[in-house]
Amino acid sequence: AADRDNDGDIDALDAMNRQVFLKDTNNDGYINKDDVLDTDGDGDIDEEDFDVADVNNDGKIDWDDILAGDQNGDGDIDFRDIGDADGDGDIDGDDLEAADADHDGDIDLADKGKGVDVKINWHPDFEDHPGVDFYVQKRIKGSNGWQNTTVEKDHLYQTLRGLDPRRAYEVRVIAIDGQFETPSKIVMIEPTMEMDNTEEPNDAAVMDDYDPIMWTWFIIAIMAAVTMLCIVFFSVWVYNTRLNRVAELRAALYEGYEAPQPIPPITKEQLADMEAGKPDPEIEEEMTANYQRKQLASMMRRQETVQSVDSFASHDDDFAEYGDETMG
């Protein structure tokens, strides 16, 4: 953004006029030098900016300049009317000058090779002042200044070339008789096309719509979104990896494990033996083995006890013998 209106600060008006070449910026109902903007972006409003705003090259900044450059009828001259005319990738005052390709003081379809030609015929007034030479004046409807053609000496007609078919023109013929000039009545040339005020900006105009701060935050937002997506994908990958690892550990833990077989049901014979008080042969055999082990353990304990007593008794005998020797 820049101080387009040269009022010493950058505010909302500068943002609104960022891609405007000329309009009623102060809303006073007039177009004059107070409405000129810093179109070359050098930080001040000087003669170069005034030259750019003087679209019709009449030396004045007025409503006629708006009419000469407003191609969509919205009351101003902006990037929608001009575009990147010089092809340098941005839109500035140079584009406004380059847009007038035929250098006729206005920007219209004729600059793009789409103008129309209109033949103007006249008949001299032989009863009053018929005139010797003639020339034609034209102007865009609503403007004040006239544009003159060359003086015609050989024919009673002239062809106006390169008119914009979207605009209405006022035309009159000037009869020259010595030092006197007599204008005819004004004739209106109606437009044959409608202005399209819904035209979208071209690619070059969009390129000029560049705000470093806005684009910086936009890039930051994109980077933050990409980072969040990476974090989400990484978290999902870690979660799936952990699930697979847990599954592998469980498979290794239970490898070779067989579930216990269910206890077979009691047969009728076993039930009858239980009722008769007869133990199961396998149970009886197990009980016999346990009984024998217990008996063996008891015998070993008694033998150890007897050996301990005998050992203690032998020590008593030794003490007795030792006492007797001492007393003697």
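Author: Buried residues make up 28% of the 328 residues in this protein, and since the model is a predicted one, I will come back to its confidence values after looking at the part you asked for. On the surface there is a nonpolar patch formed by Met 214, Trp 215, Phe 218, Ile 219, Ile 222, Met 223 and Val 226, which together have about 680 Å² of accessible area. One of these residues, Phe 218, belongs to helix α6, which covers residues 212-253. Phe 218 counts as partly exposed because its relative accessibility is 45%, and partly exposed is the class between buried, under 20%, and exposed, over 50%.

If we take the contacts between residues at least 6 apart in sequence, 54% of them join residues at least 24 apart.

Now to confidence: the average pLDDT of the protein is 75, and 70% of the residues score at least 70. Over residues 315-320, however, pLDDT stays under 50, and the model gives this stretch zero contacts beyond four places in sequence. Residues 322-328 likewise have a pLDDT below 50, with zero contacts in the model beyond near neighbours in sequence. Where pLDDT is low, the predicted coordinates should not be read in detail.

Conventions:
Residues are numbered from 1 along each chain as its sequence is written. This is a predicted model: local features need pLDDT of at least 70, side-chain atom pairs count only at pLDDT 80 or more; totals for chains, interfaces and linings use all residues. Side-chain values use heavy atoms; hydrogens and water are left out. Patches are made of residues with over 30% relative accessible area and no salt bridge: like charges are joined within 9 Å, nonpolar side chains (Val, Leu, Ile, Met, Phe, Trp, Tyr) within 5 Å. Accessible areas come from the Shrake-Rupley method with a 1.4 Å probe; for residues, only the protein chains shown count as cover. A salt bridge is a side-chain nitrogen of Lys or Arg within 4 Å of a carboxyl oxygen of Asp or Glu. Helices (H or I, at least four residues) and strands (E, at least two) are DSSP runs, numbered from the N terminus. Buried means under 20% relative accessible area, exposed over 50%, partly exposed in between (1.4 Å probe, protein chains only). Contact means heavy atoms within 4.5 Å. pLDDT is the predictor's confidence in each residue, from 0 to 100.
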